[in-house]
Amino acid sequence: MISFIVSIIVLVCAYFVYGRFVEKVFSPDNRMTPAVALSDGVDYIAMPGWKVFMIQFLNIAGTGPIFGAIMGAWYGPAAYLWIVLGCVFAGAVHDYFVGMLSMRNSGVGLPELVGIYLGKNTRKLMLIFSVLLLAIVGVVFVYSPALILGGMWGTKMMWVLVIFAYYVIATMLPIDKIIGKIYPLFAFSLLFMAAALFVGLIIKHPVLPEIWDNLGDVNMNDPQSVLGNEPFMQKNPLFPCLFITIACGAISGFHATQSPLMARCLSTEKLGRPIFYGAMITEGIVALIWATVSMYFFYYGGWREVVSPETVEKFMAQAADGKSLIQYFDAPTVVKEVCSGWLGLFGGILAILGVVAAPITSGDTAFRSARLIIAEAFGLPQRTIAKRLVVSVPLFAAAILLLVWQSENPDGFNIIWQWFGWSNQTLATFALWTITVYLVQRKKPFIITLVPALFMTVVCTTFLLVSSQAFALSPTIGYIGGVIALIGALVWFFDWYRKQMKTK
């Protein structure tokens, strides 16, 4: 528990210290923002700062800091280090600069920002990459809430259809009609859930792995344990898979598609730090809470406390046949069991509401972002519903096909989540390189994003080589590939930097 409490304190302090430093580097001023200068009553609408914060938090959160933290906790206390360091020095910086650069460039989306600083060819690549990622996000965030709701009432397919119908409506309407009115309430539900679980952890005060314990001594490496899942660890080693599994809560490229949405709704640049940097720090705290709950659930028998005796018997029967704890209790199941077991009826309802509403709303804004990105790329105005339909209909059709494939494939959700994780972090890597180029051009301390950009370049390259969903090569080959990628990135950057300095 000491590592958990210290991690929470570090995140809060980082907002006031490092967040202020990052803000000073960018230097926000009193210029007119796109929400005022380009107000169109649909996507560019100035809203109160507190409301924009709640929407931004809900948009970037989804189930990411919950499901990702649950699965990341399988790696032990190393998850604490990644959430804290990743959030403070990479994720929050990434979100802040993307949001602020969007504001400085008429509220454009990530592909357009990439084009401005990394060139037209990279812009084309990011256009395709961003739309694919957003479609995957929409599909992932249909499946998980439908699974939870289907277990409570109705069927999974019924809820899939309901959620998709909502997506169509919410994506088409002006941002202040649904998003501006009900999203703050859903954000409160998600925050309430996290706060309630935090209180539960303080009261229970369980003994948990600490950061200073042997980080490699993870229970999953023990094939004799009911927790153990040796094949999983062999196929998904801590490096780089931890840094892909925990994305939201540390750093996430999906956020780079969401920050421009809120950049179109801010009335002043001075709100950038509390909304962009602050929302990411808040998400990091949520991820820490869920990682800690999950460590208790998996490592120290906490699952026996929250599940029914019948569920215990069913698991023990399957454990005798070699099924591990992490195979039996997937992330959505952990959420349902913990919320209902720890928080009682009223708290459980609010908590489940947060878990269900968060992914639905992130899926909604994922499709909204995709619509705007495509519209920007082809110069299609979005003031009329007819223009929005031209973009949205093909987008939803492609997403439905992907959803059908996922539903018919027994391992579809896990496959899509793995590829979502890699593409998500790859997008974040491009965003970090974009920000680094901007900082160099403005003669600002570019080291603050160069280091995270290099690290994420190595992570994404290594993951592509070693992951069981990609090339499935040995970790040794993957690490060699990561080193080669690091050297290549350094050579490219400093060659470009040298040429840049000569032209000044």
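Mentor: Helices here are DSSP runs of H or I with at least four residues, and strands are runs of E with at least two. The model is predicted.

Trainee: What share of the residues of the protein chain count as buried?

Mentor: Buried means under 20% relative accessible area. The protein chain has 504 residues. The buried share is 61%.

Trainee: Why is helix α7 largely enclosed by the rest of the structure, and which of its residues are buried?

Mentor: Helix α7 spans residues 110-118 and has nine residues. Seven of them are buried, so the helix is largely enclosed by the rest of the structure. The buried residues are Leu110, Pro111, Glu112, Leu113, Val114, Gly115 and Tyr117.

Trainee: Is Ser130 buried or exposed, and which residues is it in contact with, leaving aside neighbours within four places in sequence?

Mentor: Ser130 sits in helix α8, residues 120-152. Its relative accessibility is 0%, so Ser130 counts as buried. A polar atom of its side chain lies 2.7 Å from the backbone oxygen of Met126. Beyond the near sequence neighbours, the contacts of Ser130 are Leu110, Pro111, Ile373 and Leu427.

Trainee: Which residue meets Glu23 in a salt bridge, and how many residues apart is the pair?

Mentor: The side chain of Glu23 meets that of Arg273, with N to O at 3.2 Å. Glu23 lies in helix α2 (residues 18-26) and Arg273 in helix α14 (residues 272-299). Glu23 is buried at 15% relative accessible area, and Arg273 is buried at 8%. The pair links distant parts of the chain, and the separation is 250 residues.

Trainee: Which residues do salt bridges that share partners join into one network?

Mentor: Arg104 and Asp29 meet in a salt bridge at 3.6 Å, N to O. Arg31 forms another with Glu269, the closest N and O atoms being 3.8 Å apart. Arg31 lies in the loop between α2 and α3, and Glu269 in the loop between α13 and α14, so this pair ties together parts 238 residues apart in sequence. The network joins Asp29, Arg31, Arg104 and Glu269.

Trainee: Which residues form a nonpolar patch on the surface?

Mentor: Trp212 is in the loop between α10 and α11. Its relative accessibility is 58%, so Trp212 counts as exposed. The patch has about 410 Å² of accessible area in total. Its members are Ile2, Val6, Val10 and Trp212.

Note on methods
Residues numbered from 1 in each chain as written. Predicted model: local features only at pLDDT ≥ 70, side-chain atom pairs only at ≥ 80, totals over all residues. Heavy atoms only, no water. Patch = residues over 30% accessible without salt bridge, like charges linked within 9 Å, V, L, I, M, F, W, Y side chains within 5 Å. Areas by Shrake-Rupley, 256 points an atom, 1.4 Å probe, with all protein chains shown as cover. Salt bridge = Lys/Arg side-chain N within 4 Å of Asp/Glu carboxyl O. Buried < 20%, exposed > 50% of the residue type's maximum accessible area, 1.4 Å probe, protein only. Polar contact = N/O pair within 3.5 Å; in protein donor to acceptor, adjacent residues only side chain to side chain. Contact = heavy atoms within 4.5 Å.
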